[in-house]
Amino acid sequence: MHPHARPPPKSPKKPRDKSEKKKPEHDPSYKRFFSHPEMVKDLLEGFVAEEWVKELDFKTLEKVSGQFTSHDLRSRDNDVIWRINWRDKWLYIYILLEFQSSIDKYMSVRFMVYIGLLYQDLLDAKLIDGKLPPVLPIVLYNGQARWNMPLNVSELIEPSTLQKYQPQLHYLLIDEGIYNPTELSNLHNLVAALFRLEKAQTEQEVSEVINLLVTWLQEPAQLEIRKAFATWLGRVYLPHHLPEAIVPELIELQEINVMLAERVANWYESGIQKGLQQGLQQGVQQGLQKGLQQGVQQGLQKGLQQGKLEGLIEGEVKGIKTALLAILTMRFGEVSPETKQAIDAIQKLEHLEQLMHQAIIVDSLITFQQLLFSTH
């Protein structure tokens, strides 16, 4: 271009199509999850039902570095690549995280390209000595609709007499939606816990899973995966499921559990009010019956007053006991029959209110039981 020539006019910026879908917020969070060896191990052991998984040496799990992968692979935001020792050779685990609202019919074609790029990068980096290493392609999908597309690229190619020349590539699909909560709850597995959180319908269900995570992830070496769960819950999950909740920027799993316990306490507060109303109505009815049986107007009035009072007290006591047991179960898991009996034996409102406050702030069920039985 001549130095004094005017540059060509810029083309107007194309307006963004409002129908264009925003990238799901939790994609990078999921990538962080599966950047931890604990999650990859639990994914393979819990959700790949094949005998050869038992032969894997999980101590050798190693995340494939971007140092020898091309920009094409490094820019794959939703992909995670690991390698692990299997039969004294490397096996590559290629996990593709898929959270699109629409299912990709040509997923196997995409995988064929990505694995070809991976092989080319390994060759360029001179990391191949002999035959190419095996690759396990996994699609981890959590969309609403069930995945119903071909799992092998050969199924997408028109049949012909050239069939023997056509490519074969089969990927492993892990469709989160096919697992029911009961099935997942039987697994001591971090990936199963993640799936349970995604499926949770109530704050109590969320808290039950968090309580398990707090128990499972106590070791100092598990600090990073614990942070990954806390970050995902605080920045992605809770803002979406509880948009009115204020979640601090830096928060621990235990703190999230306490916050949910407090919210459930507030929720049960409304349940208590409902119980009070029911108790009041029941008390009025009982008082009327008693007064009518006596056949005296004075007895009727007295019965009404007594019925109201008894109904109020009974409804409030019952409501607080229900809330107290719910909070304990959310924070610490199953409550022993002895603890339930001790709570059920308490009739003083003040005592129950004090115990509910303690249930939210104590650090363990043992500490709460000490408070309970010392005053019982």
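## Ground rules and overview

The model is predicted, so local features need pLDDT of at least 70 and side-chain atom pairs count only at pLDDT 80 or more, while totals for chains, interfaces and linings use all residues. Residues are numbered from 1 along each chain as its sequence is written, and side-chain values use heavy atoms, with hydrogens and water left out.

The chain has 13 helices and 5 strands; these are DSSP runs numbered from the N terminus, with helices (H or I) of at least four residues and strands (E) of at least two. Of its 376 residues, 43% count as buried, where buried means under 20% relative accessible area, exposed over 50% and partly exposed in between, with a 1.4 Å probe and protein chains only. Contact means heavy atoms within 4.5 Å. Among contacts between residues at least 6 apart in sequence, 65% join residues at least 24 apart.

## Helix α6 and its partners

Let's start with helix α6 (residues 190-199) and helix α8 (residues 223-241), which pack at about 10 degrees with axes 13 Å apart. Axes are lines fitted to C-alpha atoms, for helices over the stretch in contact, and angles run from 0 to 180 degrees between N-to-C directions. That makes α6 roughly parallel to α8; angles under 35 degrees count as roughly parallel, over 145 as roughly antiparallel, 65 to 115 as roughly perpendicular and the rest as oblique. From α6, L190, L194, L197 and E198 meet I225, F229, W232, L233 and Y237 of α8. By class, this contact has 8 nonpolar, no polar and 1 charged residues. Here Ala, Val, Leu, Ile, Met, Phe, Trp, Tyr, Cys and Pro count as nonpolar, Asp, Glu, Lys and Arg as charged, and the others, Gly among them, as polar.

Helix α2 also packs on α6, at an angle of about 85 degrees and with axes 7 Å apart. That makes α2 roughly perpendicular to α6.

## Aromatic pairs

Rings of Phe, Tyr and Trp (its six-membered ring) pair if their centres lie within 6.5 Å, with planes under 30 degrees apart counted as stacked, over 60 as edge-to-face and the rest as tilted. By this rule there are 11 aromatic pairs. In one of them, the rings of F47 and Y179 have centres 5.1 Å apart and planes at 85 degrees, so the pair is edge-to-face. F47 lies in α2 and Y179 in the loop between β5 (172-175) and α5 (181-185), so the pair ties together parts 132 residues apart in sequence. F47 is buried at 7% relative accessible area, and Y179 counts as buried at 15%.

W52 and W86 form a tilted pair, 5.6 Å centre to centre with 50 degrees between the planes. Elsewhere, F33, F229, W232 and Y237 form one aromatic cluster.

## A buried glutamate

Where is E176? E176 sits in the loop between β5 and α5, and at 5% relative accessibility E176 counts as buried. Leaving aside neighbours within four places in sequence, E176 is in contact with Y30, Y141, N142, F195, E198 and K199. E176 and G143 are 33 residues apart in sequence and 8.0 Å apart in space, C-alpha to C-alpha.
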